[in-house]
Amino acid sequence: MDERFFARDVVAVAADLLGTRLLVNGVGGLVVETEAYRQDDEASHSFRGKTAGNAAMFGEPGRAYVYRSYGLHWCFNIVCERGSAVLIRALEPTHGLETMMARRTIGDARKLCAGPGNLCKALAITKEMNGLSVLADPFSLAPPSAVPALASGVRIGISKAAERPWRFGMKGSRYLSRPI
C-alpha cells in the first residue's frame, strides 16, 4: 500500500480497506468495519473548512487523523483526498491479544476492537499520532490476501447525514461494532 491507495474517493477507500491488516507497534488485526466522511458531508469534521483541530484531514493522503469524541474516546481515521477520511470502526484482533486485553481490561476478543474508542484504547492510539503517516512506524498496513465480501449501511453515532450508506463491514464478521 502507498499514498496512491489513499489519494482516491473516500467511499471507495473505506470499502477497499476491509480485510487490511492494521498494526500499531505490532498490535492490531484485520479491518472489519469502516465509515467514510467527505468534505461536502455535513457529518464530516472538515465540512466547515480547515481548523487547528481538523488540519490533518487537509494533509497528505495516508496520514492519521486522530480526534477525541465527546471528550471521552480517541477515534482513528486515515486521510484520503483533501478534506476526507475513513474512520476505522472495528478490527478483528489477530496480533498482541494479551496486550490489547490488558489495555482494555477485558477478556472477550470480540469486544476488544469493536467501536472506534475501543479500537484506539486497545491499540494505544492517541492524539500524538495525529498527522503521522500510516505507511510508516508505528503503523503497519498490509493489503488483504483476498477481497472480502462486504456489507454496507448507514453510518452510526452521528446526527447529520446519517442516512448515507457509507458504513462498510466484512459480511459475517463477529467483530463489528454493530451489525450492518
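**From surface to core**

In this predicted model, the chain exposes about 8400 Å², of which carbon and sulfur atoms supply 51%. Its charged side chains number 23 positive and 17 negative, and the centres of these two sets lie 5 Å apart.

Turning to the fold, the chain contains 5 helices and 8 strands, and these follow one another along the sequence in the pattern α-α-β-β-β-β-β-α-α-α-β-β-β. The radius of gyration is 15 Å, close to the 16 Å that the globule rule gives for 180 residues, so the chain is as compact as a globular protein of that length. Among the contacts with a separation of 6 or more, 58% are made by residues 24 or more positions apart.

In the interior, buried residues account for 49% of the 180 residues in the chain. In soluble globular proteins, nonpolar side chains tend to be buried together. Here the largest nonpolar core has 41 residues, and those with the most contacts inside it are Leu22, Phe76, Ile88, Leu123 and Ile125. Helix α2, which covers residues 10-16, provides the largest share of this core, with 5 residues.

Phe76 illustrates how the packing is arranged: leaving aside residues up to four places away in sequence, Phe76 touches Leu22, Ala64, Tyr65, Val66, Val86, Leu87, Ile88, Cys120, Ile125, Val134 and Phe139.

Definitions and conventions:
Residues numbered from 1 in each chain as written. Predicted model: local features only at pLDDT ≥ 70, side-chain atom pairs only at ≥ 80, totals over all residues. Heavy atoms only, no water. Helix = DSSP H or I, 4+ residues; strand = E, 2+ residues; numbered from the N terminus. Rg over C-alpha atoms; globule rule 2.2 N^0.38 Å. Buried < 20%, exposed > 50% of the residue type's maximum accessible area, 1.4 Å probe, protein only. Contact = heavy atoms within 4.5 Å. Areas by Shrake-Rupley, 256 points an atom, 1.4 Å probe, with all protein chains shown as cover. Lys, Arg positive; Asp, Glu negative; His and termini not counted. Charge placed at Lys NZ, Arg CZ, Asp CG, Glu CD. Core = buried A, V, L, I, M, F, W, Y, C linked by side-chain atoms within 4.5 Å.
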